[in-house]
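This report concerns salt bridges and the contact between domains in one protein model. Please keep the sequence and the structure in view while reading.

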Amino acid sequence: MKSTDTNHTLIGPFSQILTMENLPVAGPIADGRLQVLEQGGVLVQGEKIIKTGRYTQLHHEAVEHKYKLELIREPMVLLPGLIDAHTHMCFAGSRASDYALRVAGKSYLEIARTGGGILDSVRKTRDASIVELVELLKRRCDRHLSEGVTTCEVKSGYGLTVDDELKMLEVIRLVNRHHALDLVPTCLAAHMLPPEFTDAEVYLAHIVSELLPQVLEQDLAGRVDIFVEDTAFTEKAATKYLLAAKDMGFDLTVHADQFSTGGSRVAAEAGSVSADHLEASTEVEIALLQEAGTVATVLPGASLGLGMRYAPARKMLDGGLCLAIATDWNPGSAPMGDLLLQAALLGASEKLMTAETLAAITSRAAHALYLTDRGILATGKLADMIAFPTENYKEILYFQGKLKPKIIWKKGNRISGRT
Ligand code: NIG
Ligand code: FE
């Protein structure tokens, strides 16, 4: 349940606090830019941070004002809670058979053409009840939170009828109400052309007139996404759809350049907050996104799941982009769903600096979701914090995701992590 506590609590001492404050919003980040508070503490009131600073100093203040003390008795490094800015965690069923076919040599797109792929998850998700979907999503949220993810975007997109998309968004809302993890819902009714339609433009027009008004009316999501690809929706159809959604007041995001380019041009032209995937992007697409100020959200979990190349994250940072890293957790291309592990592996391959990788799953991931109240540890921000059992922040990526946070605070409430 969400916190209602209004008392002050001093939490610490921590060997190091990485505040992730005052970092550039886009482009490369040298590790020297990281603010590292040695022997630090955090003063929390209710769900927010009052201040961070040297523990000894904050301790004097705490004793004077009789604040509560939450003592950290072993060496720990504190970071902002992780933000996973792109997931499809609401789904039923497994696509392990697709995976077996892929590792045996069939492509993701071939499998989709022969009845597997996204439409297989659509069938299974349509068949599942709200209660079943709530339970499945809740379990995935439990795991994510225990691994340090305190905010997570979740898309619909396995319904593809008005009622089934509303059902998915309702499931996301129900879980969000009762789970400590904050969920940010996105309507992805434009994930694939459903079997009931033969014309993509007709389907998208139907979504605009029949579904999106209900999503707004019932306050089910403030964001709209579309999959731009030959096998899903064309650039022209996607642009028209996104502009209609924008006119209705939705924020936009796009599945772009996963297998072929085109999606990032759509994202840039439509004024999308982020363009996600980008495995096929080149200098041309990077320049388009830079010009438009679109966040590049890359999804190493999809590259790992499909056995494909990573998005060119180094080139994106050098090209001046704001880079976020997310899991894309879904039953098909990215079943693993481990944000820290995937970010560490991408960072090692793409030669990302520690500061760049950590920002991509905290402060810069917050930008990808237009969230201004989290992602850094600073006065007035949410007390979403994770503590790793180490004295040196460099060990977090060094262990490539195997060092998990031991303590997690969501809005000031303490939750144990995995050990
Ligand atoms: O982001 N590329 C489109 N959609 C998802 C995959 C969903 C699925 O395979 O079920 C993605 O990778
Ligand atoms: Fe995705």
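In this predicted model, lysine 410 and aspartate 182 meet through their side chains in a salt bridge with an N to O distance of 2.9 Å; a salt bridge is a side-chain nitrogen of Lys or Arg within 4 Å of a carboxyl oxygen of Asp or Glu. Because lysine 410 lies in strand E15 and aspartate 182 in strand E8, the pair ties together parts that are 228 residues apart in sequence. Strands (E, at least two residues) and helices (H or I, at least four) are DSSP runs numbered from the N terminus. Lysine 410 counts as buried at 3% relative accessibility, and aspartate 182 is buried with a relative accessible area of 9%. Buried means under 20% relative accessible area, exposed over 50%, and partly exposed in between (1.4 Å probe, protein chains only).

Aspartate 182 also forms a salt bridge with arginine 374. Arginine 374 lies in the loop between H15 and E14 and aspartate 182 in strand E8 (residues 182-190), so this pair joins parts 192 residues apart in sequence. Arginine 374 is buried, with a relative accessible area of 12%. A network of salt bridges links Asp182, Asp373, Arg374, Asp384, Lys410 and Lys411.

The structure holds 26 salt bridges, including those in the table.

| Salt bridge | N to O distance |
|---|---|
| Lysine 410 and aspartate 182 | 2.9 Å |
| Arginine 374 and aspartate 182 | 3.0 Å |
| Lysine 404 and aspartate 338 | 2.7 Å |
| Aspartate 98 and arginine 95 | 2.7 Å |

Aspartate 98 and arginine 95 are both buried.

The domain assignment gives domain 1 (5-81 + 374-415) and domain 2 (82-368); such bounds come from an automatic or database assignment. To their contact (heavy atoms within 4.5 Å), domain 1 contributes 34 residues and domain 2 contributes 35. About 2700 Å² is buried between domain 1 and domain 2, with carbon and sulfur atoms giving 68%. This buried area is the accessible area (1.4 Å probe) that two parts lose on being put together, summed over both. The rule finds four salt bridges across the interface of domain 1 and domain 2.

Serine 363 is found in helix H15 (residues 363-368) and counts as buried at 10% relative accessibility. Beyond its neighbours within four places in sequence, serine 363 is in contact with Met20, Gly375 and Ile376.

Residues are numbered from 1 along each chain as its sequence is written, and chains are lettered from A and ligands numbered from 1 in the order written. Local features need pLDDT of at least 70, side-chain atom pairs count only at pLDDT 80 or more, and totals for chains, interfaces and linings use all residues, while side-chain values use heavy atoms, leaving out hydrogens and water.
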